[in-house]
Amino acid sequence: FWFGRGYATQKSPNSVAMFSQAISRLGTDARSALPSLARLRADTNPAVRIEAIHAAWRIDSTDRTCVDELLREFGDGTGEATHRAGGCLAQNAASMNLKPADVLPSMIAALRRREPLIAAHAATILSHFRADSLPALPELKIALRDDERVLRYAAARAIEAIGPAAAAAIPALVEALNDPT
């Protein structure tokens, strides 16, 4: 809880993000905050959990459980929580040493959900895997027709990252190119 002026309110995900990000950037002494972050990783608010997981990973990037928890939150979550988990994974995919076999099923499922921001995070994550993302090509082609530009752009980038193996997407890319929106 966040206390102020004699009353308590539930801690917001944004305040957890702000304080935990500050802590996680203070070097090895930040490890002393891991017990507090562990408590927040069990919070009932999924967005608070995700911010705490992300901070714990920034403090100890060898903690594979953080990555696994983020992947689970991204795959199981809804709304803001899934968006936060996806953003964290997309920003850190390379440094988290994500393996295609570990993430392809959940990224393809996220594309199928048709929630533009979540699907865009999935496409961004897929772009890190280059040709290994080829199994997602059918969903990426569908994403090129979405109403939301952010998803169309992310899908195009993911297809570009796959490279020549994604040649089957050329007609869908040309269609997107010719779309006036």
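**Figure 1. Helices H5 and H7 in contact.** In this predicted model, Gly79, Thr82, His83, Gly86, Gly87, Leu89 and Ala90 of H5 meet Leu117, Ile118, His121, Thr124 and Ile125 of H7. Contact means heavy atoms within 4.5 Å. Helices (H or I, at least four residues) and strands (E, at least two) are DSSP runs, numbered from the N terminus. The axes of H5 and H7 lie 9 Å apart, and the packing angle is about 20°. Axes are lines fitted to C-alpha atoms, for helices over the stretch in contact, and angles run from 0 to 180 degrees between N-to-C directions. H5 and H7 are therefore roughly parallel. Angles under 35 degrees count as roughly parallel, over 145 as roughly antiparallel, 65 to 115 as roughly perpendicular and the rest as oblique. H5 and H7 make a left-handed crossing. A crossing is left-handed if the near helix is turned anticlockwise from the far one by less than a right angle, and right-handed if clockwise.

Residues are numbered from 1 along each chain as its sequence is written, and side-chain values use heavy atoms, with hydrogens and water left out. As this is a predicted model, local features need pLDDT of at least 70 and side-chain atom pairs count only at pLDDT 80 or more, while totals for chains, interfaces and linings use all residues.

**Figure 2. Helices H3 and H5 in contact.** The axes of H3 and H5 cross at roughly 20° and come within 8 Å. That makes H3 roughly parallel to H5. Pro46, Ala47, Ile50, Glu51, His54 and Trp57 of H3 make the contact with Glu80, Ala81, Arg84, Ala85, Cys88, Gln91 and Asn92 of H5. H3 and H5 have a right-handed crossing.

**Figure 3. Helices H3 and H4 in contact.** H3 packs against H4 at an angle of about 150°, and their axes are 9 Å apart. H3 is thus roughly antiparallel to H4. On the H3 side the contact is made by Pro46, Arg49, Ile50, Ile53, Ala56 and Trp57, and on the H4 side by Cys66, Val67, Glu69, Leu70 and Glu73. The crossing of H3 and H4 is left-handed.

Figure 4. Arg41 sits in the loop between helix H2 (34-40) and H3. Is Arg41 buried or exposed? Arg41 counts as buried, because its relative accessibility is 16%. Buried means under 20% relative accessible area, exposed over 50%, and partly exposed in between (1.4 Å probe, protein chains only). Leaving aside neighbours within four places in sequence, Arg41 is in contact with Arg49, Ala52, Ile53, Ala56, Asp63, Thr65, Cys66 and Glu69.

Figure 5. The 14 residues of H6 should span 20 Å at 1.5 Å a residue, and the C-alpha atoms at its ends are 20 Å apart, which agrees. The expected span is 1.5 Å times one less than the number of residues in the helix. Pro100, Val103, Leu104, Ser106, Met107, Ile108, Ala110 and Leu111 are the buried residues of H6. An α-helix has 3.6 residues a turn, so residues three or four places apart point the same way. H4, H7, H8 and H9 are among the elements that cover the buried residues of H6.

Asn97 lies in the loop between H5 and H6. Its phi is near 55°, a positive value in a residue other than glycine.

**Figure 6. Leu98 and the largest nonpolar core.** A nonpolar core is a set of buried Ala, Val, Leu, Ile, Met, Phe, Trp, Tyr and Cys residues joined through side-chain atoms within 4.5 Å. Which residues touch the most other members of the largest nonpolar core? Among its 50 residues, they are Leu98, Leu111 and Leu140. Two or more residues of this core come from each of helix H3 (46-59), helix H4 (64-76), helix H5 (79-92), helix H6 (100-113), helix H7 (116-127), helix H8 (137-143) and helix H9 (149-162). Apart from neighbours within four places in sequence, Leu98 is in contact with Arg64, Val67, Leu71, Leu89, Ala93, Val103, Ile125 and Phe129.
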